[in-house]
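Here is a briefing on one protein chain. Please look over the sequence and the fold before reading on.

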Amino acid sequence: MQQFYRLLLSTLLLTSVLACEQHVKVGKPLIEYNFNNTLKNTGMAKAAIFGPQAVAYAFDKKDTCLDLSINASLRQALSVKLKDDFSFNDYKGFTVSCRVKKDPLDPEAYTILSHNHVDSMGWHGWKINAQANGAWEWQLSDGERTWNYKPTVKQAINDGNWHQICFSYNAQLEEAKLFFDGNNVAIISLFNNQLQLSNTPVIIGNDTPVKRSKDLFNGVIDDFTIWSRALSDAEVKSIHNQKSKICSQPYEIDEQLKVMTWNIWDGGTHDGRYIGIQKITQLIQQENPDVVFLQESNNTGIAIADALNYIMYQRSPEISVLSRFPLIRSHNIFQTESFGCIELAVANDESVIACPIQLSAAPDLSTYLRSPEAKVDSILKWENQNRGKQARFILSELTHLIINSDEKPIIIGGDFNSGSHRDWSDKNAVRNNNLSVKYPASTRFEHKGFTDSYRQLHPDETKHFGYTLSPRFDSIMHNRTSFIHYKGKKLYPAECYVVNEHQNGFPSDHAAIVTVFNWKGN
């Protein structure tokens, strides 16, 4: 029997090793600098180091790398000059990758790689930076808007180990995928970006070649490559695995899918810029959902994702999704501050469409709803002019995904900033200022075949209120404005409840909603 278990264990270990060592052919990059005692580009593009050629190399295990540390006898930024008629704008996307180590004791921030230029509109291009706290950072700007991914020290590059930093830009999907050590850590929506990359040099070690050495990156850089397309997750993972023995397996759905939605109120910082976020993180960790929809996240999603090992999709600073499952691709639906759409790989070629939503906060009818002068006609007029109109446009743009929802279920989670017709009924009017309101946003989603998971499991609105407003303020009229709606035969809710307590004070003015779905996959 012991021999059997040893054989079984050996087989499992061998299977795991083989899975880690699977190599995906990536193809030849445009630009490739391995810094093996040479500054020669081994990529396909006609590119060369422009200016001074003298650099210092550091030996590391099997070969050498570019040395910009205190050990280097010569420290200077390198300018990779492209041929005059070359432009990344001619491609539908590109991918940038490098391996890097920052000096463990250096508390300063630097630029590691950059391709940018400045004009009257501002700076255009991209940068990979080292933060003062030791983590890395990514930036992209089209001159008018800047997108930023600033992880915590969970993604440090100053721990003495080599780390792969990689990002891809997909012009068609209007998104950037960010990778750390071969793993996709985030997708950033770049909807309506106007990125134009000039043929200015790509700078290694700084954001401009003319800055003095005090601004140079302090550390070592290796395997700098640029491809003329957005690489797949598997390709990025393969590149990383060629240099590292670390391997992780993708998270897959079991029999249930646990989803949480939460408006965390101005980034969750009302109880303290750090303490507030800690409270938010604690409550999410306590519930341990597979997918989290965040509203009013204000970039806090990055810190929560790092703390709890989620992958992040950021549609805008206002709304994001945290997922245990790999992110497949985003869909540009409606306005970035109101609606997002990301496809999640849940298991064996099966996926779920996750959509964070935050309808307009205007007009704010909370005071009017409590007034003795409140009239249903006036409420419906104002709701139809804004939130009802938003719901109509969202559902129209979502049609191509709704049609296929039995194959790829859709979950919409977020803050409607308005009530539900399922709560504001004739039967429940006594609790709602004697008003019965067929709210247009909730009504339109129901008419399109979406089901309100809370009200499905708690059908009696006179007994189960599900209030999400407000666990923090008694002065605000109690209302249920946050919802988890779903559509698709592979999902059926088994449990749905409200989270509105923390032992040291609830950190948001909105309660969270959690729905546990039974999964009926293929």
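Predicted model: local features only at pLDDT ≥ 70, side-chain atom pairs only at ≥ 80, totals over all residues.

Residues are numbered from 1 along each chain as its sequence is written, and side-chain values use heavy atoms, with hydrogens and water left out.

**Annotated domain**
- An unreviewed UniProt entry annotates residues 260–449 as "domain: Endonuclease/exonuclease/phosphatase". UniProt positions follow the numbering used here, feature names are shortened, and annotations may be inferred rather than shown by experiment.
- The span 260–449 is 32% helix and 23% strand. Its end C-alpha atoms lie 21 Å apart.
- Helices (H or I, at least four residues) and strands (E, at least two) are DSSP runs, numbered from the N terminus.

**Six-stranded sheet**
- Six strands form an open sheet with mixed pairing, in the order β20-β21-β22-β23-β25-β24. Two strands pair if DSSP finds at least two bridges between them.
- β20 (327–330) and β24 (451–452) are the edge strands, each pairing on one side only.
- β21 (residues 342–347) and β22 (residues 350–358) are antiparallel and share five bridges. Ala 347 stands opposite Glu 350 in β22.
- Asp 349 is found in the loop between β21 and β22. Its phi is positive, about 65°, although Asp 349 is not a glycine. With 86% relative accessibility, Asp 349 counts as exposed (over 50%; buried is under 20%, partly exposed in between, with a 1.4 Å probe and protein chains only).

**Strand β13 and its partners**
- Six of the seven residues of β13 (residues 183–189) are buried.
- β12 (residues 175–180) pairs with β13 in the antiparallel sense over six bridges. Phe 179 stands opposite Asn 184 in β13.
- The two strands β12 and β13 form a hairpin with two residues between them. In the turn, Asp 181 has a positive phi of about 50°.
- β18 (residues 311–314) runs parallel to β13, joined by three bridges. Ile 187 has Tyr 313 in β18 as its bridge partner.

**Nonpolar cores**
- In soluble globular proteins, nonpolar side chains tend to be buried together.
- A nonpolar core is a set of buried Ala, Val, Leu, Ile, Met, Phe, Trp, Tyr and Cys residues joined through side-chain atoms within 4.5 Å.
- The largest core has 70 residues. Among those with the most contacts inside it are Ile 31, Trp 126 and Phe 224.
- Ile 31 touches residues including Val 80, Leu 82, Phe 88 and Phe 224, not counting residues up to four places away in sequence. Contact means heavy atoms within 4.5 Å.
- A second, separate core of 26 residues includes Leu 257, Val 259, Val 291 and Tyr 486.

**Helix α7**
- In α7 (residues 387–397), the buried residues are Arg 387, Gly 388, Gln 390, Ala 391, Ile 394 and Leu 395.
- These residues fall within an arc of 155° seen down the axis of α7, so they line one face of the helix. The arc is that of the directions from the helix axis to the C-beta atoms.
- The cover over them includes β22, α6 (376–385), α8 (399–402) and α9 (440–447).

**Other backbone spots**
- Most residues other than glycine have a negative phi, and most peptide bonds are trans.
- Asp 223 has a positive phi near 50°. Asp 223 lies in β15 (residues 219–227) and is buried, at 13% relative accessible area.
- A cis peptide bond joins Ala 362 and Pro 363, with omega about 0°. Pro 363 lies in the loop between β22 and α5 (366–370).
- The bond from Leu 469 to Ser 470 is also cis, with omega near -20°. Ser 470 is in the loop between α10 (453–457) and β25 (482–487).
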